[in-house]
Amino acid sequence: METERIDVKQSIYDRNDEIAHGVNREMTLRGSLMINVMGAPGAGKTSTIRMIAGRIGLPCAVIEGDIESDIDTQTLNAAGISTYQINTHGACHLDAPTVRGAVNAFGLPEGGVVFIENIGNLVCPAEFTIGEHAKMLIVTATDGSDKPYKYPLAFEKADIIVLNKADLLPYVDFDESFFMAGVRALNASAPVVKTSARNGEGADEIAKWIIEKKMSLGV
Ligand SMILES: Nc1nc2c(ncn2[C@@H]2O[C@H](COP(=O)(O)OP(=O)(O)OP(=O)(O)O)[C@@H](O)[C@H]2O)c(=O)[nH]1
Ligand SMILES: [Mg+2]
């Protein structure tokens, strides 16, 4: 009997990308910029979204990805930010079909900004496009300055890199020049913005970047 080799991995990525392309096109038609927010557990993804959503001056909504629980959705809803919860029940990243389902089920804003808080993980989310116009990577002063060297893909793919928990920089041994050398070896153009969700540092700069991104893409 003859056997045929089928490259399954390739076809799964192709199907994901095709669906992601459709999500992206639909969001563009609705005039809403979609941002894929990535970062390790506890980096401050939810805190950063909450901090900047009110400063953009456009309707904002969040698709919230977690393995389990709706804690972040409750937090964001309590802050007046319309949020739709996805639980992956084990999967370490969001994929385009899952986001497609959320877009269909959720009343997303027209002419605004949609944040997708990806699963807390510095590896898997960077491998999948989910319909976003831009990827925001959040890392922290408390993670250590070697992260670009150890987790290069997330830094390579990011359109903006947020160094959060900047209020803690005086208390930790974060080497900013080592960090920036690692970032720039992988990514020559993404802005790197220091933020603190504790005291609001950097929030206006990120909000401005989002508005400019939306305009430059014609979304
Ligand atoms: N000092 C300080 N603490 C922060 C900052 N940003 C977030 N935190 C704290 O860090 C913890 C985690 O913040 P979250 O916003 O929940 O982080 P997350 O990335 O959404 O976490 P997961 O959704 O669990 O992956 C919380 O206790 C926040 O209050 C910051 O800029 N400075
Ligand atoms: Mg969160």
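**Close-up views of a predicted model**

**View 1. Strand 4 and its burial.** Strand 4, residues 113–117, is mostly covered, with five of its five residues buried. A residue counts as buried if 20 or more other C-beta atoms lie within 10 Å of its own, as exposed if 12 or fewer do, and as partly exposed in between, with C-beta atoms placed from the backbone. Strands (E, at least two residues) and helices (H or I, at least four) are DSSP runs numbered from the N terminus. The model is predicted: local features need pLDDT of at least 70 and side-chain atom pairs count only at pLDDT 80 or more, while totals for chains, interfaces and linings use all residues. Residues are numbered from 1 along each chain as its sequence is written, and chains are lettered from A and ligands numbered from 1 in the order in which they are written. Val113, Phe115 and Glu117 point one way from strand 4, Val114 and Ile116 point the other way, and all are buried. In a regular strand the side chains alternate between the two faces of the sheet.

**View 2. The partners of strand 4.** Strand 1 (residues 33–39) runs parallel to strand 4 and is joined to it by five bridges; two strands pair if DSSP finds at least two bridges between them. Within this pairing, Ile35 stands opposite Phe115. Strand 2 (residues 60–66) also pairs with strand 4 in the parallel sense, over five bridges, and there Ile63 has Ile116 as its bridge partner.

View 3. Seven strands form an open sheet with parallel pairing, in the order 3-2-4-1-5-6-7. Strand 3 (82–87) and strand 7 (192–194) are the edge strands, each pairing on one side only. From one strand to the next the twist averages 20°; axes are lines fitted to C-alpha atoms, for helices over the stretch in contact, and angles run from 0 to 180 degrees between N-to-C directions. Strand 5 (residues 134–140) and strand 6 run parallel and are joined by five bridges, with Ile138 facing its bridge partner Val162 in strand 6. Helix 2 packs on the sheet, touching strands 1, 2, 4, 5 and 6, and its direction makes about 170° with that of strand 4. Contact means that the C-beta atoms of two residues, placed from the backbone, lie within 7 Å. Helix 8 (residues 203–217) lies across strands 1, 4, 5, 6 and 7 and runs at about 135° to strand 1.

**View 4. The shell around ligand 1.** Ligand 1 is surrounded by 17 residues, of which Gly44, Thr46, Ser47, Gly120 and Ala197 are the closest; a residue is near a molecule if its C-beta atom, placed from the backbone, lies within 6 Å of it. Helix 2 (residues 45–53) supplies the largest share of this shell, three residues. The shell divides into four nonpolar, eight polar and five charged residues. In this scheme Ala, Val, Leu, Ile, Met, Phe, Trp, Tyr, Cys and Pro are nonpolar, Asp, Glu, Lys and Arg are charged, and the others, Gly among them, are polar.

**View 5. The surroundings of Ala166.** Ala166 lies in the loop between strand 6 (160–164) and helix 7 (176–186). Ala166 counts as buried because 20 C-beta neighbours lie inside 10 Å. Leaving aside neighbours within four places in sequence, Ala166 is in contact with Ala141, Lys194, Thr195, Ser196, Glu201 and Gly202.
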